[in-house]
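Here is a short report on one protein chain. Look at the sequence and the 3D view, then read on.

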Amino acid sequence: TQKMAKPNLQLRLVQGGCILFIVLCILLLHLGVLGSLEPAGREIKVVQFLIILGAVWSAVVGFTFQRKLSRTSKRPRRDGSKSTPFTRWKVGHLMRLASATSVGTWGLALYYFHGPLWLVDTVLTVALVLLIAWKPGPGPETNIADEQSPHP
């Protein structure tokens, strides 16, 4: 509704910036601006595997973290804690966007460790799909103005 419009707009702007970053990485990579690399040796293959694991881990953690936060967002605020359902909701979505973007940075790391271009493109595409598919969803039913003012 109206109270959630500003946070949703802010999150959409962050999403747009993340998408722009990944698109620029893809363009720069394919225009040759990031340089060309020689084929990898055997010792680099282990690093490539670890980078792929990092990309998968980033994708999974971002989405499981969001769910974990959304379960705790229903809890009331503890005394002395600045955490509110709204702040947990917003942080969860920022974490999801950051983890999707980090999938793309893992793709760039894979490129610099001589990964095959088709695999680099796949990782960057997965990052782009995760970012495009993301939606903020409904926020917690709270009064944002009350959350932003200090409680006694």
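## Ground rules

A polar contact is a pair of N or O atoms within 3.5 Å; within protein, one must be able to donate a hydrogen and the other to accept it, and residues adjacent in sequence count only if both atoms are side-chain atoms. This is a predicted model, where local features need pLDDT of at least 70, side-chain atom pairs count only at pLDDT 80 or more, and totals for chains, interfaces and linings use all residues. Residues are numbered from 1 along each chain as its sequence is written, and side-chain values use heavy atoms, with hydrogens and water left out.

## The overall fold

The protein chain has 5 helices and 0 strands. Helices (H or I, at least four residues) and strands (E, at least two) are DSSP runs, numbered from the N terminus. Along the sequence, the pattern reads α-α-α-α-α.

Of the 152 residues in the chain, 36% are buried. Buried means under 20% relative accessible area, exposed means over 50%, and partly exposed lies in between (1.4 Å probe, protein chains only).

## Ser 58 and its partners

Ser 58 sits in helix 2, residues 42-72. Its relative accessible area is 5%, so Ser 58 is buried. Which side chains does Ser 58 touch through polar contacts? One is Ser 102, at 3.2 Å. Another is Trp 106, at 2.9 Å.

Helix 2 also holds Thr 64. Thr 64 is partly exposed because its relative accessibility is 42%. Thr 64 and Arg 96 are 32 residues apart along the chain, yet their C-alpha atoms are separated by 8.9 Å.

Helix 3 runs over residues 85-112. Its 28 residues should span 40 Å at 1.5 Å a residue, and its end C-alpha atoms are 40 Å apart, so the two agree. The expected span is 1.5 Å times one less than the number of residues.

His 114 lies in the loop between helix 3 and helix 4. Is the phi of His 114 positive or negative? It is positive, about 65°, although His 114 is not a glycine. Most residues other than glycine have a negative phi. His 114 has a relative accessible area of 26%, so it counts as partly exposed.

## Helix 4

Helix 4 covers residues 117-133. It has 17 residues and reaches 24 Å from its first C-alpha to its last, close to the 24 Å expected at 1.5 Å a residue. An α-helix has 3.6 residues a turn, so residues three or four places apart point the same way.

Ala 127 counts as buried because its relative accessibility is 0%. The C-alpha atoms of Ala 127 and Ile 22 are separated by 7.5 Å, though the two residues are 105 apart along the chain.

Leu 27 is in helix 1, residues 2-30. Leu 27 is partly exposed because its relative accessibility is 45%. Leu 20, Leu 24, Leu 27, Leu 28, Leu 31 and Val 33 make a nonpolar surface patch of about 570 Å². Patches are made of residues with over 30% relative accessible area and no salt bridge: like charges are joined within 9 Å, nonpolar side chains (Val, Leu, Ile, Met, Phe, Trp, Tyr) within 5 Å. A salt bridge is a side-chain nitrogen of Lys or Arg within 4 Å of a carboxyl oxygen of Asp or Glu. Accessible areas come from the Shrake-Rupley method with a 1.4 Å probe; for residues, only the protein chains shown count as cover.

How many disulfides does the structure hold? The count is 0. A disulfide is a pair of cysteine sulfur atoms within 2.5 Å. Cys 18 is buried, with a relative accessible area of 13%. Cys 25 is buried too, at 8% relative accessibility.
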